[in-house]
Amino acid sequence: MILNFSMSYQEIISASEDSNSFNYIIENHNKNIPVLSKDVISKLADDVIKNHNPIYDSREIIKDEIQKKLEKQEEYYQLKKWHNY
């Protein structure tokens, strides 16, 4: 019975840590999306000005670039998290 209790307790702690990690990622994304959006749009605008080539389907390009940057941040966070253990 004590072993079962101990295993259940560890599962609860693990689930809580996973939930906290998920919440941190969501909060981090919410803070960074405006900054990343500005950077992506600025870079694309500079490319259009320099190359004189219009960007077609800019919404998809901007969305994809922001998503890539968010995924990089998440990978960094996960690596940092695992190195701390």
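Predicted model: local features only at pLDDT ≥ 70, side-chain atom pairs only at ≥ 80, totals over all residues.
Residues are numbered from 1 along each chain as its sequence is written, and side-chain values use heavy atoms, with hydrogens and water left out.

**Overview. A chain with two helices and zero strands.** Helices (H or I, at least four residues) and strands (E, at least two) are DSSP runs, numbered from the N terminus. Of the 85 residues, 14% count as buried; buried means under 20% relative accessible area, exposed over 50%, and partly exposed in between (1.4 Å probe, protein chains only). The chain has an accessible surface of about 7,400 Å², and carbon and sulfur atoms account for 57% of it. Accessible areas come from the Shrake-Rupley method with a 1.4 Å probe, and for residues only the protein chains shown count as cover. Three salt bridges are present in the structure; each is a side-chain nitrogen of Lys or Arg within 4 Å of a carboxyl oxygen of Asp or Glu.

**Close-up 1. Ser37 and the backbone of Ile33.** Have a look at Ser37, which sits in helix α1 (residues 2-51). A polar atom of the Ser37 side chain lies 2.7 Å from the backbone oxygen of Ile33. Ser37 counts as buried because its relative accessibility is 18%.

**Close-up 2. The salt bridge of Lys43 and Asp47.** Here the two side chains meet at 3.4 Å, N to O. Both residues belong to helix α1, where they are four residues apart, about one turn of the helix. Lys43 is exposed, as its relative accessibility is 54%, whereas Asp47 is partly exposed with a relative accessible area of 29%. Side chains of opposite charge can pair when their charged atoms come close.

**Close-up 3. Glu60 paired with Lys63 in a salt bridge.** Moving on to helix α2 (residues 58-84), these residues are three apart, so about one helical turn separates them. Glu60 is partly exposed at 35% relative accessibility, and Lys63 is partly exposed at 48%.

**Close-up 4. Glu65 and Lys68, joined by a salt bridge.** The closest N and O atoms of this pair are 3.5 Å apart. Glu65 and Lys68 lie about one helical turn apart because three residues separate their positions in helix α2. Lys68 counts as partly exposed, with a relative accessible area of 46%; Glu65 is also partly exposed, at 30% relative accessibility.

Methods:
Polar contact = N/O pair within 3.5 Å; in protein donor to acceptor, adjacent residues only side chain to side chain.
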